[in-house]
Amino acid sequence: MIGQTVWTAVKVALALGFGMNMAGLLAWLERKQSAISQDRIGANRAAILGVSAWGLFNQIADALKGLTKENWVPPQGRPRLHALAPAISLGFSLFCLSALPFGGVVHVAGRLWSLQPLESSFGLPLVLCFLSLGVHGVVMAGYASGSNYGLLGGLRAAAQMISYEVCLAVSLAGCAFIYGTLDLQQAVLWQGRLLGGWLPAWGIVVQPAAFLLFLAAGAAVTKRAPFDVPEGESEIVGYFVEYSGMKFLMFLITDFIESIVIAGLIVTLFLGGWQIPWVTLTGALGGVLMLAAFSAKLLLVLLLLMQIRWTLPRFRFDQVLDLGWKNILPLAMLNFIVTVWGVLLWRLR
Amino acid sequence: MPIEKKTYMLNMGPQHPAMHGVIRLVLELEGERVVSTDVEIGYLHRAFEKHAETETWNNVVPWTDRLNYVSPLINNSGYCLAVEKLAGLVIPERGQYLRVISSELSRVTDHLTCVGASAMELGAFTVFLYLIKAREYLYQLIDELTGARVTTSYTRVGGVKADMPADFPQKVLAAFALVREAIRDSDKLLTKNRIFTDRVEGTGVISREDALAYGITGPFLRSTGVPYDVRRAHPYLVYDRLDFEVPVGSKGDNFDRYLVRMAEMEQSMRLVEQCFRQIPGGKHSLEVSEMKDAFLYQDMGKSGDTALLKLYRAKVDQTLRGGQRGERGAILSAEPASTLPAKEDVYGSIEGLMNHFELIMWSWGIKVPPGEAYVAVEGGNGELGFHVVSSGDDRPYRVRCRPPCLFPMAALPKLLNGGWIADIIPTFGSVNMIAGELDR
């Protein structure tokens, strides 16, 4: 029992470490990816002893700069809330990570090891809940800054988040219905079967519409372009306009981690999770391959999200809400209804 | 109980990314709706007009670079045309073509900057970098032509500073292929992009009557359907010999302004290509002789070999390229009272030396006859006018500049009130406010 708890704690710690490091890595990846698509070189000046490692050290330089900057709170702001806001944002998004199934259950050294940090039979609603709780930090940041720009950004973030978390949940309802479970691990296992003996029954195959809807809604929840209206750097500068140093970087990291969570959900629910099609993974090697497969798929989805970000311009605030309520939500509901009837008719057959 | 609606104030700029650091909008907002707008300009006021009164006629040219600093060559031409009209000078044809070529290159850089920056402010960062990369190709050409990327100071009263390099046309045509490719890429990324069109269609609308009433010109006016283009309405230089279209919109919104600018870039490139076909040759071949370093040339003059000097050409610095005798006749007017003599003549003959000193010495210089003249050229943003007044002195009595972007700025409250905060960005971007020209 204690061993189990220790193992869970280790896994959660590893997941958090994975998240934080992945966020730093993503910042580098995004810099390079955008640089390639924009025909430029990208950040490459930070070097240790003349080695710049393709700009990887820029992340370290950024972190050091963030940590050594003055901790400045605007005089009209509320200092405690101002400090609490980024912590709330980052904390909730990090928590989501630990509920993702990075791997299945492997049998090593006479014991069963689950590679999912937090095993829960209602993992899916848990992740969605904690993802949306993060917005409190954003609204708090806007409010605590005592600036009209910050307040506007916070309000926009709240409105956008409320709109899109509904879409997020409804677009996944069909998946949950087909898989017959809210447990993320069980959902992955369900996708292990083969349709017609050769086609892996991934979510993207059985629920293609939901995949597209979830991709759009998920991009909106991460508050990144084209849905970056709470930030809107050239309009209202954003809810973090009065933030600097590490507190500002925490918001940035939050955005990256939210991207990882959304990408993780996409991988888990639509791309077969940690599974490699037509291959049965067992033992220690299997465990390693599970983690590798999950990471590779995660990276692909993240690259897709980045490419979207660097291709499309920004929506207007009211257009974002229109898109959410009037387009994505009805389509998601339709998808759910069609799915339910389809599954019922299939079973009655 | 009725709900009391309260408005609040939002101070946008000058330290705001979309305001370019030089404009302040004091907005009264109701939620995200703009109720009223107060535009404050003048953050880049440099007293251009007053300053011009203290400079000699030719020395004003560098200050015109700083007006619209994304298309400085048009300003150079506009100012010199006004002075020449007053002085009754005729520029040689090759000089006129060079002014048209440089102006049209500048117009492309101007529109590339405007479209790119507007797109970036709408979040399409990639488009911005594509277009700025295209602008860079043109800036390199302008650098080769004038010796500077931005502070070009290319024109002189009576012509232009220097002839174009021999391989300039080939380089321009090669660069145009790259520019066209960048424009095509951006067109694909924006014009049919639903997100972009939703942002710009129907926002910042101005009616044809209002645009005319405010005195708006340029792409802003043409987007409402008025085909007014100074190059077509009051042809100057050699525009009446060139074939080009004046693209117009119909709705007068941000999208039409974007389309007009995209179409005008193609027209400008067509104009440059025609100029290269029509431009009369320079006089390079007329007196080919040995090139001598300028200091050797000078030594020969000092030792009295002035008769021999006529046989040689001085090899001078890039920035003094206009000093060479062979090409001067083709690009500068032959009027000795306004045009500096060739370096060869200055070093080689007493007449040339005297002519040089008469133009350079304090309180001598070019004497423009008393009177006043107004000349308008089609700038990047519309009708760029220069009104010069002379008292017969060696420097202007008054130089007045009509900055084309002042007028849409005056109409800005009309464009913004009633819209969303987010609409300020594309609307303000489509004004193409260039503070150097707006505040002067």
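1. Two strands pair if DSSP finds at least two bridges between them; helices (H or I, at least four residues) and strands (E, at least two) are DSSP runs, numbered from the N terminus. This is a predicted model, in which local features need pLDDT of at least 70, side-chain atom pairs count only at pLDDT 80 or more, and totals for chains, interfaces and linings use all residues. Residues are numbered from 1 along each chain as its sequence is written, and chains are lettered from A and ligands numbered from 1 in the order in which they are written.

2. In chain A, strands β1 (residues 105-108) and β2 (residues 111-114) pair in the antiparallel sense over four bridges. A:Val105 has A:Ser114 of β2(A) as its bridge partner. The two strands form a hairpin with two residues between them, and A:Ala109 in the turn has a positive phi of about 55°.

3. Chain B contains an open antiparallel sheet of three strands, ordered β8-β9-β10. Because β8 (371-378) and β10 (398-402) of chain B stand at the edges with a single partner strand each, one side of each is left without a neighbour in the sheet. The twist averages 15° from one strand to the next (axes are lines fitted to C-alpha atoms, for helices over the stretch in contact, and angles run from 0 to 180 degrees between N-to-C directions).

4. Strand β9 (residues 383-390) of chain B pairs with β10(B) over five bridges, in the antiparallel sense. B:Val389 has B:Arg398 in β10(B) as its bridge partner.

5. Between the chains, 24 residues of chain B are in contact with 23 residues of chain A (C-beta atoms, placed from the backbone, within 7 Å).

Terms used. Contact = placed C-beta atoms within 7 Å.
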